[in-house]
Amino acid sequence: MRHTVAPDPVDARLGARLAELRTERGWSLAELAERTGVSRSTLSRAERAEISPTASLLNRLCAVHGRTMSQLLSEVEARPAPLVRAADQPVWEDRASGFVRRSVSPPHAGLRGELVEARLTAGADLAYDRPPVPGLEQHIWVLDGTLEVTDRDTVHRVGAGDCLRLRVWGPTRFRCPGPEGTRYLLAVVLP
């Protein structure tokens, strides 16, 4: 007898929202695959919550839909309250890459900024081929460990207590060189 595991509820809501966004634009899976560079089968599996999307996949989808990752994730979570208790801050994990993000201050109607606590395990390496929103303003404050951030062709080594400020126009990469993991606060401001 074959046992079917129910999809994670957040992945199920996320998949449904991704399918809605695609159909709102009148795109087929093939068209979306062409726009994102992600295979049709992977997109289909993500929409059906058969897989948990990686940070890289979500970034590509956010880019074509003109949203930040936090905006997309907030659309599948309950509407954020003005006061967000620590226990109520949504956490999302990309197990494949060793990336954990806590939405400390989720996007909210009328506000352009948000705060994200991020953790990368030693050796974790996240590459984004484009910003989710061109000109996105980011402030990256490293709390523990070391983080290497590549903005297009410039590599910044950011240590504990340091803050990197930039506007994102092209590819970026977040790498934890180790030997320990890193924890940083990411302030995101829409242009």
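Q: Is Gly66 buried, partly exposed or exposed?
A: In this predicted model, Gly66 belongs to the loop between helix 4 and helix 5 (69-75). Buried residues have under 20% relative accessible area and exposed ones over 50%. With a relative accessible area of 48%, Gly66 is therefore partly exposed.

Q: Which residues is Gly66 in contact with, leaving aside its neighbours within four places in sequence?
A: Gly66 and Pro132 are 66 residues apart in sequence, yet their C-alpha atoms are 6.1 Å apart in space. Contact requires heavy atoms within 4.5 Å. With neighbours within four places in sequence left aside, the residues in contact with Gly66 are Gln71, Pro132 and Val133.

Q: How many of the 11 residues of helix 4 are buried?
A: Helix 4 covers residues 55-65. Its buried residues are Ala55, Leu57, Leu58, Asn59, Leu61, Cys62, Ala63, Val64 and His65. Helix 4 is therefore largely enclosed by the rest of the structure, and the number of its residues that are buried is 9.

Q: Is helix 2 roughly parallel, roughly antiparallel or roughly perpendicular to helix 4?
A: The axes of helix 2 and helix 4 come within 10 Å and cross at roughly 100°. Angles of 65 to 115 degrees count as roughly perpendicular. Helix 2 and helix 4 are therefore roughly perpendicular.

Q: Is Thr36 buried or exposed?
A: Thr36 is placed in helix 2. Leaving aside neighbours within four places in sequence, Thr36 is in contact with Leu43, Arg60, Leu61, Val64 and Arg130. Its relative accessible area is 1%, and a residue under 20% counts as buried. Thr36 is therefore buried.

Q: Which residue has its backbone nitrogen 3.2 Å from a polar atom of the side chain of Thr36?
A: Thr36 is part of helix 2. A polar atom of its side chain lies 3.2 Å from the backbone nitrogen of Val38.

Q: At what angle do helix 2 and helix 3 pack?
A: Helix 2 covers residues 29-36 and helix 3 covers residues 40-47, with their axes 9 Å apart. The crossing of these two helices is right-handed. They are roughly perpendicular to each other, because an angle of 65 to 115 degrees counts as such. The angle for helix 2 and helix 3 is about 110°.

Q: Which residues in helix 3 meet helix 2?
A: Helix 2 contributes Leu29, Ala30, Leu32, Ala33 and Thr36 to this contact. The residues in helix 3 that they meet are Arg40, Leu43, Ser44 and Glu47. By class, the contact of helix 2 with helix 3 has 5 nonpolar, 2 polar and 2 charged residues.

Q: What is the length of the polar contact that joins the side chains of Arg22 and Glu47?
A: Arg22 is located in helix 1 (residues 9-24) and, at 13% relative accessibility, counts as buried. Leaving aside neighbours within four places in sequence, Arg22 is in contact with Trp27, Ser28, Leu29, Leu32, Glu47 and His65. The polar contact between the side chains of Arg22 and Glu47 is 2.7 Å.

Q: Where is Ala49, a residue other than glycine with a positive phi?
A: Most residues other than glycine have a negative phi. Ala49 has a positive phi, near 60°. At 12% relative accessibility, Ala49 counts as buried. The place of Ala49 is in the loop between helix 3 and helix 4.

Q: Is the peptide bond from Gly178 to Pro179 cis or trans?
A: Most peptide bonds are trans. Pro179 is in the loop between strand 9 (172-175) and strand 10 (182-189). With omega near 10°, the peptide bond from Gly178 to Pro179 is cis.

Definitions and conventions
Residues numbered from 1 in each chain as written. Predicted model: local features only at pLDDT ≥ 70, side-chain atom pairs only at ≥ 80, totals over all residues. Heavy atoms only, no water. Axes fitted to C-alpha atoms, helices over the stretch in contact; angles between N-to-C directions. Helix = DSSP H or I, 4+ residues; strand = E, 2+ residues; numbered from the N terminus. Parallel < 35°, antiparallel > 145°, perpendicular 65-115°, else oblique. Left-handed = near helix turned anticlockwise from the far one by under 90°. Nonpolar A, V, L, I, M, F, W, Y, C, P; charged D, E, K, R; others polar. Buried < 20%, exposed > 50% of the residue type's maximum accessible area, 1.4 Å probe, protein only. Polar contact = N/O pair within 3.5 Å; in protein donor to acceptor, adjacent residues only side chain to side chain.
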